[in-house]
Amino acid sequence: MTFRQARYDEPLVCELAPGRAAAEAPAAIPGLPERWRRKTPLAWPELSELEVVRHFTRLSQMNFGIDTSAYPLGSCTMKYNPKVSELLARRRTAAELHPYQPEETVQGALEILWRLEKGLAKVTGLPEASLQPAAGAHGEFAALLMVRAYFRERGEEAQRTEVLLPDTAHGTNPASAMMAGYTTREIPSKDGCVHLDELRAAVGPKTAAFMLTNPNTAGLFESEIVEIAGAVHDAGGLLYYDGANLNAILGVTNPGRMGFDVAHLNLHKTFATPHGGGGPGAGVLAANDRLAPYLPVPRVVKRGRKFALDYDRPKSIGKIKTAYGNFGLDLRAYVFLLSHGEEGLKHIARRAVLNSNYLAHRLGRFLPRPFRPLVKHEFLLSGAPLKEKGVRTLDVAKRLLDEGVHAPTIYFPSLVEEAMMIEFPETESRQELDAFVAAFERAVSDTPENLHAAPRNTSVGRVDEVLAARQLLLSWKDLRAAAANLEASGR
Amino acid sequence: MARWIPGDRSEEVALLKELGLSDTEELFADVPKKVRLGRMGVGAGKDEPDVVRAVDQILDRNRPYSKFASFLGGRIGTRFVPAAVDAILSRSEFYTAYTPYQPEASQGTLQAMFEFQSLWVELTGMDAANASLYDGATSMGEALLLCHRVHEGHRFLVPASLPWEERSVLENYATGFPIRIESIPFDPRTGCLDLAWVRTEVGRGDVFGLLADVPNGFGHLDEGLLELKSLLGTVPLVIGADPLALSVLEPPGSWGADVVVGEGQGFGMPPNFGGPLVGLFACRKELLRVSPGRIVGATRDVEGRRAFTLTLQTREQHIRRSRATSNICTNQSLVALAFVVYASLVGARGLAELQGRVTERAHTLASALGGVDGLSAPRFEAPYLGEFAIAVGRGNAHAFLDRLRRRKVLGGHPLADPRPGRPGLGEELILTAARDTTDDKEIQRYAKAARAALAATGAA
């Protein structure tokens, strides 16, 4: 495919229309004391609607999205975001609801939350769910606070200070453990999966929880999951499910069945809500009977035919954000759940895993694949052999951009040298898979010179990240100061 | 069922054949029988027309605030959103993109986030801002942890008037650490911080940070805030600020704030029943390396052209893991985009005029409600902008608001903690807000409904 990304030398929005400042100061604010009044006017321009729309439309054209390109980022589950969800989320009956409206006036919103929670409880096999977390990592943090509250009640909080996780864990896992005040301990992997003997040796009276994603970040199903759950529970610890990779096992198994006590899901992955260029996401907390009493308040309940917000949960950890979660995203996820239903969800897992295995099989001809061949939603390749010709995984990633596809997740997990982590969800066709294989082949077989010079077809060429960290120009204010300095030194 | 999975059965058969398999079931041979599922029980899928009908049927049970005379406010706003904002947010190159980990292909998102950071820097007068956190409350939580990282001590002081949700979020962010959050008492007449109390407590040497908000939880501008930094010395000062208010107020950077956080949803997003929101976060440059969240920086590409990229990533979870400054990964990019698009459409002068209009409306509302017998409006004597607390003399806030609702008025929200048995603000307090679109008729309707509601309480 010939691909050329739009290339505008677009100024910052605040650099547009220089010199066109407001003619006069705005009228005084009634009742505003002089001491509070802003003395230097806010430096932001007066622009016409067209100027603003054109600026941001140009910026949008300097972006990859799922709608423009295949997006095989491992562990990110970049599947198609259905348009009907966008339509329904923009209804006035959804958008123009203030969270503090009386319950009588938001029965529909409460019903959506209630139905989605019930649906996700069934999907996870855990009896209760809360939609309050804003994202996956936020859900991890909240779940660990629930774990802490659980052990506090049992008088074991001071003793259980350690969270265990495999060396392949997402970075958010250890970071969430840190934020919840736990120390972390990594369990080494064996052939890409949890080393059961190492885990058995590590669990004990200090263990609060073991955090695991299954399938894991190597794309492998942890087949010893029953033994893992047994080892953690026998030591009195809890088992935490990181739901980032749930897509692969929808309807095949679920966290409850595998023995997990508490889980988070990312609705922006498995349930197709858009990623928005980095957010908003939507997180879900699901818990078994032991941990459900600690879920954040309010809980959405049904009393007779009425839905209500229940704050009377004495064991609850309280609030982890304002209001009830990212409702706009929850609504989209509900649309997705309702559309697919039982068979659709099962089909998702099968097709995603099929896509992944097919692609792994084809790409395995170009680069080595660590670990066993049967994978789930994603797989790993090692770019290590390319080093011989002076090429790194980073160069291949940049070269792929020139083909009009997004790069895979790279350099993660760290146990594979020069890792590439590839995930093609169920919404990508065989045609796209084959096109990616062809693009990948062109990329890895290109000359080192071309690979180092990539990308050429994107809005900008290879970006100097070291310079960014050194000069730390983080705002328009910094740019103005730097320009002034330059001018001063020039004189 | 929707056509979101491509091809038919034959495509899958062909793919399986390439793998030497005959059934997708074989792809799950590594999942032990013991954990396999039968049915989930989530029901059958629906076609798009049926989905639209079913979801609309549920949504139609909502009554949007626009059907009422609405005076709901707090951190979440109901300001008018120009159509152009959603036109930009609907560009799927923006909304279907991932985090810009490949800068060359993501200049659109990166530049927009740089512009967002620039705007929050201009509004706050701080050195640097990040590319957003989840919401205002979690920004406060992250600020608390930042203070704890850089200053000795175990006590964090917050106003007693802080909304209970934010207080609860702060308690949760503090849970894992030896931190005690304490309430700064307020003057019962003005609702403003007791500075003498602050001076004494800071003098004990075990306070590692203080959070204050503008406007405060009662909607007021507390002049004491302008003196706070001189009381605190090296103890970090966190300011929670409303972005619209900052368009007319002296920026917190000029009166000593070390961190400025806020909720940005009111710039360009409808409330969406409370989410998505967007957490604003700015700080002094010295604190940048221990601050949370993604940061976009300007740099050059190989040809020397200006370009943008994520920077200072060594603070973040995907690099630093258990030693990261925060666990945040996904943030609120698209809402941050709405924030900067909105401000650019309205302009600096437009924002100040908007705050002026809302403030004038709020003062008109206060005069109207002030004449209602049995209502203390505003409850506190301090300057305010768009909102203020009121107090019902008889009965409680819930009963009063419920009576208003029956007269098509959403009169505000109760300030008390709804969790049974929790200490906090009184059952009589309500936060009521003017909107940019509040007209005289709505104000009269509120006053009339309030009279009727209080008369009914009196009779009962």
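# Close-up views of a predicted two-chain model

**View 1. Strand 14 of chain A and its enclosed residues.** From strand 14 of chain A, the residues Ala419(A), Met421(A) and Glu423(A) point one way while Met420(A) and Ile422(A) point the other way, and all are buried. The model shown in this and the following views is a predicted one. In a regular strand the side chains alternate between the two faces of the sheet. Strand 14 of chain A spans residues 419–423, and because 5 of its 5 residues are buried, it is largely enclosed by the rest of the structure.

**View 2. The partners of strand 14 of chain A.** Strand 12 of chain A, residues 378–382, pairs with strand 14 of chain A in the antiparallel sense over 5 bridges, and within this pairing Leu381(A) has Met420(A) as its bridge partner. Strand 14 of chain A also pairs with strand 13 of chain A, residues 409–410, again in the antiparallel sense but over 2 bridges, with Thr409(A) standing opposite Met421(A). The two residues of strand 14 that are named here, Met420(A) and Met421(A), point opposite ways from the strand, and both are buried.

View 3. Strand 2 of chain A and strand 6 of chain A, residues 207–212, pair in the parallel sense over 3 bridges, and Leu164(A) stands opposite Phe210(A) of strand 6.

View 4. The axes of helix 4 (residues 107–124) and helix 10 (residues 327–363) of chain A come within 10 Å and cross at roughly 55°, an angle that makes helix 4 oblique to helix 10 of chain A. The crossing of these two helices of chain A is left-handed. On the helix 4 side the contact involves Ala109(A), Ile112(A), Leu113(A), Arg115(A), Leu116(A) and Gly119(A), which meet Phe327(A), Asp330(A), Leu331(A), Ala333(A), Tyr334(A) and Leu337(A) in helix 10. Sorted by class, the contact of helix 4 with helix 10 of chain A has 9 nonpolar, 1 polar and 2 charged residues.

**View 5. Surroundings of Glu157(A).** Glu157(A) is found in the loop of chain A that lies between helix 5 (136–153) and strand 2 (162–166). Because 16 C-beta neighbours fall inside 10 Å, Glu157(A) counts as partly exposed. Leaving aside residues up to four places away in sequence, Glu157(A) touches Arg148(A), Phe151(A) and Arg152(A). Lys206(A) is 49 residues from Glu157(A) in sequence, yet the C-alpha atoms of the two are 9.4 Å apart in space.

**View 6. The side of chain B that touches chain A.** In the predicted model, 164 residues of chain B are in contact with 175 residues of chain A. Helix 12 of chain B (residues 333–370) supplies 19 residues, the largest share of the side of chain B that touches chain A. By class, this side of chain B has 79 nonpolar, 50 polar and 35 charged residues.

**View 7. Helix 1 of chain A against helix 12 of chain B.** Helix 1 of chain A, residues 49–60, packs against helix 12 of chain B at an angle of about 155°, with the axes 8 Å apart, and this angle makes the two helices roughly antiparallel. Their crossing is right-handed.

**View 8. The four-stranded sheet of chain B.** In chain B, 4 strands form an open sheet in the order 11-12-15-14, with antiparallel pairing. Strand 11 (375–376) and strand 14 (413–414) of chain B are the edge strands, each pairing on one side only. Strand 12 (residues 387–392) and strand 15 (residues 429–433) of chain B pair in the antiparallel sense over 5 bridges, with Ile430(B) in strand 15 as the bridge partner of Ile390(B).

Definitions and conventions:
Residues are numbered from 1 along each chain as its sequence is written. Chains are lettered from A and ligands numbered from 1 in the order in which they are written. This is a predicted model: local features need pLDDT of at least 70, side-chain atom pairs count only at pLDDT 80 or more; totals for chains, interfaces and linings use all residues. Two residues are in contact if their C-beta atoms, placed from the backbone, lie within 7 Å. Ala, Val, Leu, Ile, Met, Phe, Trp, Tyr, Cys and Pro count as nonpolar, Asp, Glu, Lys and Arg as charged, and the others, Gly among them, as polar. Two strands pair if DSSP finds at least two bridges between them. Axes are lines fitted to C-alpha atoms, for helices over the stretch in contact, and angles run from 0 to 180 degrees between N-to-C directions. Angles under 35 degrees count as roughly parallel, over 145 as roughly antiparallel, 65 to 115 as roughly perpendicular and the rest as oblique. A crossing is left-handed if the near helix is turned anticlockwise from the far one by less than a right angle, and right-handed if clockwise. A residue is buried if 20 or more other C-beta atoms lie within 10 Å of its own, exposed if 12 or fewer, and partly exposed in between; C-beta atoms are placed from the backbone.
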